[in-house]
Amino acid sequence: MSASSVWLELEQVEKRLCIVTAEQLGLGLDEVKPESRLIEDLNCDSLDLIELIMETEDEFGITIPDTPKTAVGKLIFTRQPFRIRDLAEFAFLNQGTGAPVRSGWRKMPVGLLPPPESGFTQLGGTINADELDQAALYEKLDAASELPMFRRKTDGMVCVQIPAASVLVGNDEADAHQDEGPRHSVTLSPFLIDIEPVSVTAFCRFLNSIDLQKHDIAMLITLSPDDDRQTDVQFEHGGRTWKPLPGTAMQPVVLVSWYAADAYSRWANGRDWAADDWERSYLPTEAQWEYAAAGAFDNIEHVYAGIHHRGKSYESDGLPIPLVQQEYGRSRFGLRHMSGTIWHWCRDWFTPDFYSSDAATQLDPVAKIETGTRSERGGSWVGPIELCRPGYRRGRNPDARGRCLGFRCIGEIPT
């Protein structure tokens, strides 16, 4: 349908957007209402949202910017939950902005970087974590590195010891979002952080090593039967064990909720993975993430972003995600995929004005006030490269699963 030059009322925009959304997501029109929540009700992830935004631009002849510049635009796009009527409101207000211009959205990397020789260290199979000595959970590596490096016995992950420091986080530049500021000093204790995202292989090891009867399995690994992302799941239950599907073993695991990532982080650190105790999470805080990601955006030729092309289906080829050991988005601490590739879950509850609060300046700050959304950082292969800046902040419902959403863990310094 071609865009009309006639001014549309908000109700007309909502009605037409419901039709566009139903067609885009392959749903019946009776399943899509203005009040439908894109993530919770329609299983819409980042890839779906980008496709929907492009279709919305075509439908109404408008430009939806990668990052809204007006205060009202930012307000609309940060609403939680985000509903059809919110996107319709933005489309309504932007009538007359003309054909979209996507400068910088698509940015293919300069060739596919090879993985380091024998660079994969994460383990499959199974392990009885209860038999691990907590004090000997990490083995020190004799590596050619300025920083101490360790290997975690539970999953074979190599970790880097990030030194204690007082550092500046946040962004006060003119093009920064309001929730990125103010730039302020934080003091962080030393911590370990995974050198790369958790892989499909390691996540299957987790599933094979725990008693899933202790937890709601749907919260960890299953999608609803009518979810069109079923074909993008990277692992399967084959007989008595979970195993990666062909071609996925060394990819970052995606389509995992915050709850699944949090459970893994505690299991990997020898803690009770099924305990209802979010204070024991071993996912990085936003401050830890931003500190550890420094330098990852400096060489944008090696930031894996903007790969998705409109209308592309991945059912037969698999998701175009690089291997965990490939040198994309490398930070100054040697951490891979800190900018681009996948979004990473963080421990914090996402609070837009957290950086303006007193709590943000405390030792090892973390946003603990429940807001309904958990923080995610890093950008991904799906969206625009601008979102891959280490300081870019956003949140997502902890139940959400995304084809560009995974995680890595932190750990305590071995004594």
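## Aromatic cluster

One aromatic cluster is formed by Phe 203, Phe 206, Phe 235, Trp 242, Tyr 264, Trp 267, Trp 273 and Phe 407, in a predicted model that holds 15 aromatic pairs. One of these pairs joins Phe 206 and Tyr 264, whose ring centres lie 5.3 Å apart with the planes at 70°, so the arrangement counts as edge-to-face. This pair links distant parts of the chain, since Phe 206 belongs to helix α5 (residues 200–209) and Tyr 264 to helix α7 (residues 258–268), 58 residues apart. Both Phe 206 and Tyr 264 are buried.

Phe 206 also pairs with Trp 267, here in a tilted arrangement with 5.3 Å from centre to centre and 55° between the planes. Because Phe 206 lies in helix α5 and Trp 267 in helix α7, this pair ties together parts that are 61 residues apart in sequence. Trp 267, like Phe 206, is buried.

## Largest cavity

The model has one cavity of 30 Å³ or more, and the space in the largest cavity comes to about 50 Å³. Its lining consists of Ile 221, Leu 223, Val 233, Gln 234, Phe 235, Val 254 and Leu 255, which by class gives six nonpolar residues, one polar residue and no charged ones.

## A buried loop asparagine

Asn 397 sits in the loop between β11 (394–396) and β12 (405–406), and its relative accessible area of 14% places Asn 397 among buried residues because the cut-off is under 20%. The side chain of Asn 397 reaches the backbone nitrogen of Asp 399 at 2.8 Å. Setting aside neighbours within four places in sequence, Asn 397 is in contact with Glu 40, Trp 345, Gly 372 and Thr 373.

Notes
Residues numbered from 1 in each chain as written. Predicted model: local features only at pLDDT ≥ 70, side-chain atom pairs only at ≥ 80, totals over all residues. Heavy atoms only, no water. 1 Å grid on protein atoms, 1.4 Å probe; cavity = no way out; pocket = protein on both sides within 12 Å on 5 of 7 lines; lining within 4 Å. Points joined across faces, edges and corners; volume = space filled by probe spheres on them. Nonpolar A, V, L, I, M, F, W, Y, C, P; charged D, E, K, R; others polar. Helix = DSSP H or I, 4+ residues; strand = E, 2+ residues; numbered from the N terminus. Buried < 20%, exposed > 50% of the residue type's maximum accessible area, 1.4 Å probe, protein only. Polar contact = N/O pair within 3.5 Å; in protein donor to acceptor, adjacent residues only side chain to side chain. Contact = heavy atoms within 4.5 Å. Phe/Tyr/Trp six-rings, centres within 6.5 Å; stacked < 30°, edge-to-face > 60°.
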